[in-house]
Amino acid sequence: MNAEIAFGSLQRTVDPALVPQRILYTGAKMPAIGLGTFGSDHVSAAEVAEAVEGAAAVGYRHFDCASVYGNERQIGHALQQISRGGIKREQLWLTSKLWNDKHGESDVIRSCRQSLADLGLEYLDLYLVHWPFPNYHPPGCDVSSRSNNARPYLHAEFMKTWRKMEELVTLGLVRHIGTSNMTIPKLRLVLRDASVKPAVNEMELHPHFQQPELFTFVQLNGMVPVGYCPIGSPGRPERDRTPEDTVPIEDPIIVKIASRLKVHPAVVCIKWAIQRGQVPIPFSTNRSHYLGNLEGAVSEPLTESEMRDIRSIDRNCRLIKGQVFLWKEGQSWEDLWDMNGEITPP
Ligand SMILES: NC(=O)c1ccc[n+]([C@@H]2O[C@H](COP(=O)([O-])OP(=O)(O)OC[C@H]3O[C@@H](n4cnc5c(N)ncnc54)[C@H](OP(=O)(O)O)[C@@H]3O)[C@@H](O)[C@H]2O)c1
């Protein structure tokens with residue numbers, strides 16, 4: 001089968017059957033690229049929903065949603081349109097996430113049911129615990145915002161949430177459960193104690209933040225690494241910017257490969273991500289951008305030497321530092337990420 005790439009702009013689409021897939025430990029197949037749906041506090045729910053519909057029309061079948069993005073109801077309407085257009089539910093991969101103020105025993109199932117109702121679905125393919133901390137922050141807050149009862153990662157508490165996540169699988173409301181923003185020491189404990197293992201770990205991954213140790217750990221333990229901010233999140237909220245941040249799409253190596261391929265540097269980031277084995281979930285509301293990213297998933301691969309060159313430009317530059325989730329005074333964001341290999345003590 002050939003990619004339906006007719007170079008007449010609006011007619012261009014990608015045959016979803018050509019998009020690479022990742023096989024999860026259950027045997028389920030997940031499209032190796034999805035569309036992100038976080039409007040970064042400035043792109044409206046309606047615009048994101050329109051992009052979801054447009055992305056399905058050009059060949060996307062995987063959408064990364066979350067209740068905290070505040071747009072699941074609008075995305076639900078887009079999914080109805082997509083279904084009316086003849087795309088069946090089983091052809092789609094839909095992820096949602098449990099927000100931080102719904103950890104614990106009482107709210108997980110209710111919150112998942114709410115996402116299902118908003119999205120107009122009977123089941124999710126994947127449901128993630130969005131962050132390992134139960135610390136809420138409101139949309140649009142600034143970097144100094146802290147939740148009143150902010151707490152650290154407490155494994156016994158996390159497992160109460162995880163048991164409810166497992167129940168969602170038993171109830172048939174979700175097909176897989178997974179984690180997000182985890183570290184190796186936290187994942188070790190979850191893998192030790194889980195009855196239903198996480199199928200994926202969603203984590204920041206781009207050429208300037210390759211997280212080789214966690215990436216390998218995730219894969220070796222039978223999980224798929226899903227990569228957020230795959231392009232370096234140029235539109236991220238102000239609270240997630242610091243002067244030290246680097247810009248992967250301006251890296252000379254990425255720019256050079258992009259000029260060889262005559263694509264935007266963003267597309268190089270996507271090609272690298274898929275070839276490396278992660279599942280990038282780039283956000284875009286611009287048709288030519290999200291189409292270009294999907295075309296990048298099915299076009300000629302990067303050469304081995306290009307892959308090596310990109311491996312060499314890792315800057316260990318975390319963009320989403322998570323300061324708003326800190327739980328006591330005087331901490332720095334590194335405390336969220338267990339930098340010395342042990343869970344940061346409470
Ligand atoms: N689990 C978590 O905690 C977590 C955290 C952060 C993000 N996420 C998920 O990951 C998704 C992606 O992350 P992100 O949105 O922060 O960052 P991203 O995908 O790295 O970057 C998105 C930005 O790149 C631009 N862009 C996309 N494709 C482009 C192209 N081909 N050419 C030029 N510009 C392009 C978009 O602008 P245009 O709209 O103008 O194209 C948008 O501003 C989110 O939407 C969300 O679903 C999850």
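Start by selecting Lys 186. Leaving out residues up to four places away in sequence, Lys 186 touches Pro 132, Phe 133, Tyr 153, Leu 336, Asp 338 and Ile 343. Contact here means heavy atoms within 4.5 Å.

The model is predicted: local features need pLDDT of at least 70, side-chain atom pairs count only at pLDDT 80 or more, and totals for chains, interfaces and linings use all residues. Residues are numbered from 1 along each chain as its sequence is written, and side-chain values use heavy atoms, with hydrogens and water left out.

**Lys 186 and its helix**

Stay on Lys 186. This residue sits in helix H5 (residues 184-193). Helices (H or I, at least four residues) and strands (E, at least two) are DSSP runs, numbered from the N terminus. Lys 186 counts as buried because its relative accessibility is 1%. Buried means under 20% relative accessible area, exposed over 50%, and partly exposed in between (1.4 Å probe, protein chains only). Now show the backbone of Leu 336. The side chain of Lys 186 reaches the backbone oxygen of Leu 336 at 3.3 Å. Such a polar contact is a pair of N or O atoms within 3.5 Å; within protein, one must be able to donate a hydrogen and the other to accept it, and residues adjacent in sequence count only if both atoms are side-chain atoms.

**The sheet**

Switch to cartoon view. An open sheet of 8 strands runs in the order S3-S4-S5-S6-S7-S8-S9-S10, with parallel pairing. Strand S3 (35-36) and S10 stand at the edges with a single partner strand each, so one side of each is left without a neighbour in the sheet. Two strands pair if DSSP finds at least two bridges between them.

Select Thr 95 in strand S5 (residues 93-98). Is Thr 95 buried or exposed? At 1% relative accessibility, Thr 95 counts as buried. Leaving aside neighbours within four places in sequence, Thr 95 is in contact with His 62, Phe 63, Asp 64, Cys 65, Leu 124, Leu 126 and Leu 128. Thr 95 and Glu 72 are 23 residues apart in sequence and 11 Å apart in space, C-alpha to C-alpha.

Move to strand S6 (residues 126-129). Leu 126 and Leu 128 lie on one side, Tyr 127 and Val 129 on the other, and all are buried. In a regular strand the side chains alternate between the two faces of the sheet. S5 and S6 pair in the parallel sense over 4 bridges. Ser 96 stands opposite Tyr 127 in S6. S5, helix H3 (residues 108-119) and S6 make a right-handed β-α-β unit. A crossover is right-handed if, with the strands pointing away from the viewer, the path from the first strand over the helix to the second runs clockwise.

Next, S7 (residues 177-180), which pairs with S6 in the parallel sense over 3 bridges. The bridge partner of Tyr 127 in S7 is Ile 177. The chain crosses from S6 through helix H4 (residues 155-170) to S7, and this β-α-β crossover is right-handed.

Jump to strand S9 (residues 224-228), where 5 of 5 residues are buried. Val 224, Val 226 and Tyr 228 point one way, while Pro 225 and Gly 227 point the other way. Strand S8 (residues 200-204) runs parallel to S9, joined by 5 bridges. Asn 201 stands opposite Pro 225. S8, helix H6 (residues 212-220) and S9 make a right-handed β-α-β unit.

On to strand S10 (residues 279-280), parallel to S9 and joined to S9 by 2 bridges. Val 226 stands opposite Val 279. The bridge partner of Gly 227 in S10 is Pro 280.

**Two backbone stops**

Select Cys 229, in the loop between S9 and helix H7 (252-261). Its phi is positive, about 50°, although Cys 229 is not a glycine. Most residues other than glycine have a negative phi, and most peptide bonds are trans. Then select Ser 40, in the loop between S3 and helix H1 (45-58). Ser 40 also has a positive phi of about 50°.

**The ligand**

Finish on the ligand. Which residues are the closest? Of the 29 residues that surround the ligand, the closest are Asp 64, Ile 231, Ser 233, Ser 284 and His 289. A surrounding residue has a heavy atom within 4 Å. A backbone N or O atom of Phe 283 lies 2.9 Å from a ligand oxygen atom. The ligand alone exposes 900 Å², and the protein buries 89% of that. Accessible areas come from the Shrake-Rupley method with a 1.4 Å probe; for residues, only the protein chains shown count as cover.
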